Amino acid sequence: MSNQREVGDVKPSSLNHLIGQQGVIDQVRVAIDAAHMDGKKFDHALLVGPPGLGKSALANVISQEMAADFHEILGQSIGGPADLNALLLSAKDGDVIHIDECHELGKEYQTALYLALDKRKLTISGKGRSSQSLPLADFTLLLSTTDEYGLLQPLRDRMKLLLRLQFYTVEDLTSVLIQRCRALVWDVHEEIFPKISRRSRGTPRLALRLLQSCHRVCRSEGEDTITARHLQRACQLEGIDEIGLGPTERQYVELLSDGATRLNVLASALGLPSRTVSEVVEPFLIRTNLVMKDDQGRRQLTQQGHDHLSNSRNDAV
């Protein structure tokens with residue numbers, strides 16, 4: 001096996017290496033071509049989508065395609081005016097600044113950010129009423145978020161591109177896994193790739209994490225080829241079933257087997273806050289049509305949910 005042991009050791013470096021998200025890739029390719037033709041920087045852009053779909057990887061690829069220096073920071077890391085000022089002043093013309101989880105930025109920093117974009121300068125307040133204006137380079141700002149409504153509208157409006165990432169198909173996830181294994185020179189039985197993909201909720205980060213778990217099991221046994229047996233053991237260790245449900249989600253589905261149930265009752269039975277259940281446990285179950293809400297807001301299994309529960313019980317036997 002290769003000396004490279006982590007799936008994160010290899011990352012896409014160009015648009016041609018990116019799989020899936022074809023609509024977004026087309027948008028980016030046109031914007032890059034236009035920028036190169038006009039000798040301009042890449043337009044400011046807002047990258048939106050659930051966690052793990054590749055927003056940060058796409059931001060990095062944009063900077064590489066533009067041959068630009070890349071400055072990246074988490075929104076929650078900006079804890080004071082000095083942090084934001086240092087970030088903006090560090091950029092040169094054409095550089096790419098990427099603020100990940102930008103919805104975590106305080107409103108005052110979001111305001112300072114869009115004012116800085118408008119004026120191309122930074123106003124720093126001194127003692128008393130004195131202030132100093134410093135010119136800013138003509139950089140590209142990329143903002144990534146799972147919650148675009150956590151951003152002030154004036155800041156959203158200043159983004160010239162909206163890049164909305166969607167969940168991946170099983171076929172695209174399979175292609176991602178094959179590409180990564182080839183880059184890592186990992187020996188893998190190809191029949192496990194779609195099996196990993198079906199357990200990964202349409203999310204590359206989860207697919208790659210499960211692949212890494214399979215590799216870990218394989219190496220723990222002193223073997224060099226990842227097989228279906230290693231996948232089965234990895235799933236047992238991770239506690240996930242054939243469609244990627246974890247222990248809490250399976251318990252949730254079991255609780256609904258007796259009929260429609262209110263959120264607070266489910267939360268109490270699971271020992272979790274209601275918000276955790278509605279924002280963490282339920283979204284995938286609803287998106288995959290295993291669970292639905294009735295007119296009274298009660299949760300109940302769909303026919304597909306009942307079928308999955310029945311199959312799970314049979315497998316357990």
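## Ala82 and the basis of the model

Ala82 lies in helix 3, residues 81–89; helices here are DSSP runs of H or I with at least four residues, strands are E runs of at least two, and both are numbered from the N terminus. Ala82 is exposed, with a relative accessible area of 56%, where exposed means over 50%, buried under 20% and partly exposed in between, using a 1.4 Å probe and protein chains only. From Ala82 to Glu249 there are 167 residues in sequence and 43 Å in space, C-alpha to C-alpha.

The model is predicted: local features need pLDDT of at least 70, side-chain atom pairs count only at pLDDT 80 or more, and totals for chains, interfaces and linings use all residues. Residues are numbered from 1 along each chain as its sequence is written, and side-chain values use heavy atoms, with hydrogens and water left out.

## Overall architecture

The chain contains 13 helices and 11 strands. Its C-alpha trace spans about 75 × 50 × 35 Å along the principal axes. Of its 317 residues, 44% count as buried.

## The largest nonpolar core

The largest nonpolar core has 47 residues, among which Val28, Phe42, Leu58 and Ile196 touch the most other members. Such a core is a set of buried Ala, Val, Leu, Ile, Met, Phe, Trp, Tyr and Cys residues joined through side-chain atoms within 4.5 Å. Two or more residues come from each of helix 1 (22–38), strand 1 (45–48), helix 2, strand 7 (161–164), helix 6, helix 7 (192–198), helix 8 and helix 9 (228–238). Helix 8 gives the most to this core, with 7 residues. In soluble globular proteins, nonpolar side chains tend to be buried together.

## The largest pocket

The largest pocket holds about 1000 Å³ of space. A pocket is an open set of points on a 1 Å grid over the protein atoms alone, where a 1.4 Å probe fits and protein lies on both sides within 12 Å along at least five of seven lines; lining residues have an atom within 4 Å of a point. Grid points are joined across faces, edges and corners, and the volume is the space filled by probe spheres set on them.

Its lining consists of 40 residues, with Pro12, Gly54, Ala57, Arg180 and Leu208 nearest the centre. At least two lining residues come from each of helix 2 (55–65), strand 2 (70–74), strand 6 (140–145), helix 6 (170–184) and helix 8 (204–220). Helix 2 contributes the most, with 7 residues. By class, the lining has 18 nonpolar, 14 polar and 8 charged residues; Ala, Val, Leu, Ile, Met, Phe, Trp, Tyr, Cys and Pro count as nonpolar, Asp, Glu, Lys and Arg as charged, and the others, Gly among them, as polar.

## The second largest pocket

The second largest pocket has a volume of about 800 Å³. It is lined by 27 residues, and Pro51, Arg201, Thr203, Leu206 and Val280 are the closest to its centre. Helix 8, helix 10 (247–255) and helix 12 (274–287) each supply at least two residues of this lining, and helix 12 gives the most, with 6. The lining comprises 10 nonpolar, 8 polar and 9 charged residues.

## Charges over rings

The charged end of Arg201 sits over the ring of Phe284, 4.4 Å from the ring centre. Likewise, the charged end of Arg287 sits over the ring of Phe167, at 3.5 Å from the centre. The criterion is NZ of Lys or CZ of Arg within 6 Å of the ring centre and within 35 degrees of the ring normal.

## Individual residues

Gln21, in the segment before helix 1, has a positive phi of about 55° although it is not a glycine. Gln21 is buried because its relative accessible area is 14%. Val185, in the loop between helix 6 and strand 8 (187–188), also is not a glycine and has a positive phi, of about 60°. Val185 counts as exposed, at 56% relative accessibility.

Arg205 is placed in helix 8 and counts as exposed at 54% relative accessibility. Arg205 and Leu53 are 152 residues apart in sequence, while their C-alpha atoms are 6.8 Å apart in space.
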